[in-house]
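Hi,

Here is the structure I promised to pass on. Have a look at it first, and my notes follow below.

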Amino acid sequence: MSELEVELAIRRKEENREEETETGEEIMVLNMGPQHPSTHGVLRIILKLEGELIIDAVPVIGYLHRGIEKLMESKSYHQVIVLTDRFDYLSPLVNNLSYCLAVEKLLGLEIPPRGQYLRVILAELTRLESHLMWLGSQANDIGAITPLLYTFREREGLLDLFEMAGGSRMHTSYIRIGGLLRDVPQEFIPKVKSFCEAFPRLMKDYEGLLTKNRIWQMRTRGVGVISAEEAINLSLSGPMLRGSGVKHDLRKASPYSGYDQFEFDIPVEKEGDVYARYLVRLEEMRQSINILRQAVEKLPSGPINAGVPQVVPPEKQRVGSDIESLIHQFHIMVEGFKVPAGEVYSSVESPRGELGYYICSDGSGKPYRIKVRTPSFVNLQTLAPMIKGRLIADIMAIIGSIDIILGDVDK
Amino acid sequence: MNRHQLEQLEQLEQLKNKFPDGVESIETRLGETTVELKKEFLQPVCEYLKKEAGLDYLADLTGLDLGVEAGPRYAVVYHLYSMQGRQRLRLKVKTSDAVDTVTPVWKGADWFEREVYDLLGIVFNRHPNLTRIYMPDDFVGHPLRKDFPLMEE
């Protein structure tokens with residue numbers, strides 16, 4: 001059913017000429033959103049209902065479309081980093097990382113080991129932060145309010161860590177082309193260590209509330225099922241794909257930023273329902289802690305930035321004390337740097353799936369075209385097939401399990 | 001050169017033999033392989049790549065405005081991925097107005113193509129529901145085109 005047909009159906013309803021199904025049931029067209037609390041943002045779903053049963057559903061997006069891709073074309077490569085935060089605002093550091101890796105591939109930059117390890121630490125902390133937010137809101141949507149209070153407590157600790165490192169809680173822009181904005185402060189690593197110590201115990205609290213809870217299982221098991229073939233055919237990625245039994249994780253399939261030096265498992269569940277995705281994400285959190293422990297243990301010392309002065313600005317302390325550094329900083333920030341002509345596609349495993357940047361450079365200081373392959377946009381495509389034939393109450397469980405961020409969907 | 005890359009080379013050779021008129025060029029840069037196709041051959045080549053070369057996953061689909069004066073003005077770019085072989089391939093098709101849809105091959109192409117249609121105005125023939133996805137239905141113009149005005153006049 002196209003959007004136009006739905007609009008027509010709404011209009012017919014207004015004229016009191018309602019459709020009827022074969023069984024004589026009235027068909028009702030219901031507009032859910034764009035402000036419904038369980039849609040996690042401004043998502044609108046046009047539902048065609050027979051009683052409480054969903055016959056057809058058309059998601060309508062674009063309410064948060066800000067034209068970032070167009071905006072990027074008029075910014076220098078350095079300025080684009082700030083815009084990447086705004087896609088998936090729950091995992092800004094992974095967005096920064098994906099973009100920077102793509103530009104670094106074009107430039108042919110090599111990041112020193114300490115920079116790579118710190119990036120991995122930040123990416124995994126982001127994954128935890130994002131999954132905590134997901135867990136809280138998914139449980140809240142279904143009616144369990146308590147997990148939200150717990151997960152926000154831990155999330156707060158993670159946001160404090162981001163603030164300590166990059167100076168900002170949400171729109172971090174901390175990962176830069178060629179490395180990082182600055183090295184982490186001394187107390188950062190011990191704080192990460194103590195977080196890793198405490199977290200597995202805290203996770204038991206969430207699991208105790210949900211995993212074996214009868215109501216939770218009844219609301220999530222067998223709901224929103226997607227088969228493995230369908231998941232691949234629909235280009236799903238991340239926990240959506242792994243929840244359907246496809247063992248695919250870009251951290252293993254095409255390791256970036258030194259992920260091949262860490263040992264971790266890829267959790268897979270076969271059922272393909274909301275419950276399977278829940279289990280996958282929980283296990284991913286445990287694996288993230290696993291990676292964090294190894295990274296903190298093995299964290300090498302040394303420089304964090306690639307030694308390429310054309311791209312990497314000087315240290316902030318030196319900018320205030322000697323004129324050459326000041327000129328250097330000024331030069332990079334105002335004029336930017338040129339990137340060799342060519343095209344590159346680089347993707348990372350974000351908490352939501354494959355986050356890819358396709359960058360076309362014409363050799364100038366501004367990108368010719370940047371296309372962002374945002375995981376939420378692609379994953380949201382499955383909403384209609386998943387909710388068809390289910391009840392309205394299942395929509396909340398299913399949207400929550402896709403884990404969409406509307407900034408990521410609408411770009 | 002690892003095993004996967006060797007396999008890919010063989011597959012590309014086979015692709016060239018199978019569609020001698022369809023493949024315009026094959027180029028590898030920065031470790032990424034781009035195959036440029038004639039647009040008439042897009043759908044058969046995609047079907048072939050999915051079935052024979054195992055490229056079962058459409059990672060990304062996007063469009064490019066090559067410039068107001070460019071010969072065929074637009075290019076549609078496909079990023080394919082193989083779940084088994086763990087390799088990537090980029091397809092590129094140049095067009096001045098329309099290409100065929102690949103939704104029969106990869107269902108996930110639906111929204112991707114709607115996005116390209118919305119923002120660049122490239123038409124996808126036989127697409128099941130080619131409507132705007134981001135911009136309002138009554139919006140005039142296609143924002144990602146290079147001649148789209150950046151400021152209100």
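Helix H3 (residues 77-84) of chain A is largely enclosed by the rest of the structure, because 6 of its 8 residues are buried. Those buried residues are Tyr77(A), His78(A), Val80(A), Ile81(A), Leu83(A) and Thr84(A). (Buried means that 20 or more other C-beta atoms, placed from the backbone, lie within 10 Å of the residue's own; helices are DSSP runs of H or I with at least four residues, strands are E runs of at least two, and both are numbered from the N terminus.) They pack against helices H2 (68-72), H4 (92-107) and H14 (323-335) and strands S4 (175-176) and S8 (369-373) of chain A.

Please keep in mind that this is a predicted model, in which local features need pLDDT of at least 70 and side-chain atom pairs count only at pLDDT 80 or more, while totals for chains, interfaces and linings use all residues. Residues are numbered from 1 along each chain as its sequence is written, and chains are lettered from A and ligands numbered from 1 in the order in which they are written.

Now for the helix pairs. H5 (residues 113-142) and H6 (residues 146-166) of chain A pack at an angle of about 160°, with their axes 9 Å apart (axes are lines fitted to C-alpha atoms over the stretch in contact, and angles run from 0 to 180 degrees between N-to-C directions). H5(A) and H6(A) are therefore roughly antiparallel, the term for angles over 145 degrees. Among the residues that meet are Leu125(A) and Leu132(A) in H5(A), and Phe152(A) and Leu159(A) in H6(A); contact requires C-beta atoms within 7 Å. The residues of this contact divide into 12 nonpolar, 4 polar and 3 charged (nonpolar: Ala, Val, Leu, Ile, Met, Phe, Trp, Tyr, Cys and Pro; charged: Asp, Glu, Lys and Arg; polar: the others, Gly among them).

H6(A) also packs with H7 (residues 188-210) of chain A, at about 165° and with the axes 10 Å apart, so H6(A) and H7(A) are roughly antiparallel too. Their contact includes Tyr150(A) and Met164(A) of H6(A) and Phe195(A) and Leu202(A) of H7(A). It comprises 13 nonpolar, 3 polar and 3 charged residues.

Finally, the interface: 32 residues of chain A are in contact with 27 residues of chain B. S7(A) gives the most to chain A's side, with 4 residues. That side divides into 11 nonpolar, 12 polar and 9 charged residues.

Best wishes

Definitions and conventions. A residue is buried if 20 or more other C-beta atoms lie within 10 Å of its own, exposed if 12 or fewer, and partly exposed in between; C-beta atoms are placed from the backbone. Two residues are in contact if their C-beta atoms, placed from the backbone, lie within 7 Å. Angles under 35 degrees count as roughly parallel, over 145 as roughly antiparallel, 65 to 115 as roughly perpendicular and the rest as oblique.
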